[in-house]
Amino acid sequence: MTADVAVGAAAQAGISGFLSAGWGGSATRVRGLPPVTPQSAANHGTVFSCCNNISGDLAKVPLKLWQRGDGLDVRVREHPATYLLNVEAAPGVPGKVVRFAAVYAYALRGNGHIYAPRDSGGELMRLDLPRLGGVTILRDGLQRFYQFEDGAGTHRTVPARSMVHMRYMAEDGWTGRSPISVAAESMGIALAGQRAAARNASGGTAKGVIKLADVYDTDEDRERNARRIKAAMTDPDADGWIVTQAEEDVKRLDVSAADSELLAGRKFDREMIAGLYRMPLFKLMSVEGGVKANSQQQAIDYKTDCLMHWSELVEAQMNMAILTREEREAGLFLRHDFGALLQTTTKEQYDALSRAVGGPFLRPNEARAKIGEGPVDEGAMLNPAPNMTRDSGAPAAQQEDDE
């Protein structure tokens, strides 16, 4: 069956042949909770921070192409994917911007998409971002096709090999689910607490009760006195004294115990949402979860506990569309370089290189290249072990051959 015939068959399959690539609201079994949608959840600061941290950190590190060899992975530089993913994905669009947007949608919605068209020779041409939430999957048996609008405004229907589809917690392998939608009731409670706090901060809840006497000649006098008392209650520069009639009364309404408990629960909401995304609390600018020995150890824990969980899935799903089957079988694969997140201090770098050169493990010129310095004549030879001496009369080339 050709691609056009398959697309036509899928288009005629009716509603049962369509799978939504995004998700709208997630209903809960508790009445009164606000609906949980990507838009409403992103308004919660903790949700935005988690998605922003994951997508931002995966975008700021290089996504490099490697090839497995005989016990050694070799960097592949001359490949279109390397340039598109790290420099310019589409005309005028940086590759990191595309990666950031796709991973952010992936973390928030459970689905992230990048359109990866190829030319007649099978080479990657560009990486486009489809309109957010505007991608639909057509199904024809085991085959999948994607309908969307590309960056040029053209409506397209493409096979799965032309679309990077990052999906999270996909029960059927194709339809992604967001952590927010799975834990919809918990997120609903968190959103309800945020709305209650917003209403309380903006004055949306009743602050007091004014009981007016029935002694006024006109309704206008009654309303004028009510406004005067209200202004005295809300004026921060007032001296605290309010003048009323003998039969009038003013009572202040404090926040109820239930409301206080709901607002206090926002601390738990932050920890719960961070747990959904495997995000350590220190990345949310909170030290309540404990402080590690140093910032480098925190970065290591963040990488192993959170980023590796997301990056492994992103890399695997990018490999399926950006690399052809022949390239994957040849050992090519994409991998994030997290060395940018674990930058050492100058002292730590020099100490490590000194041990490597004196080990001996590196030649002095190799160590100098790592700190951006040029080679020197005597740096081409490997230093001897600490308990040995170097034959200074032997030429460098001969010593390299002996090694």
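Colleague: How many bridges join strand β2 to β3?

Modeller: This is a predicted model, where local features need pLDDT of at least 70, side-chain atom pairs count only at pLDDT 80 or more, and totals for chains, interfaces and linings use all residues. Residues are numbered from 1 along each chain as its sequence is written, and side-chain values use heavy atoms, with hydrogens and water left out. Strands here are DSSP runs (E, at least two residues), numbered from the N terminus, and two of them pair if DSSP finds at least two bridges between them. Strand β2 covers residues 63-68 and runs antiparallel to β3, and the bridges joining them number three.

Colleague: Which residue is the bridge partner of I137 in β8?

Modeller: Strand β7 (residues 136-140) pairs with β8 (residues 143-149) in the antiparallel sense, over five bridges. The two form a hairpin with two residues between them, and G141 in the turn has a positive phi of about 65°. Over in β8, the partner of I137 is Y146.

Colleague: What is the relative accessible area of V209?

Modeller: V209 sits in strand β11 (residues 208-211). It counts as partly exposed, which means between buried (under 20% relative accessible area) and exposed (over 50%), using a 1.4 Å probe and protein chains only. The value for V209 is 42%.

Technical notes
Helices (H or I, at least four residues) and strands (E, at least two) are DSSP runs, numbered from the N terminus.
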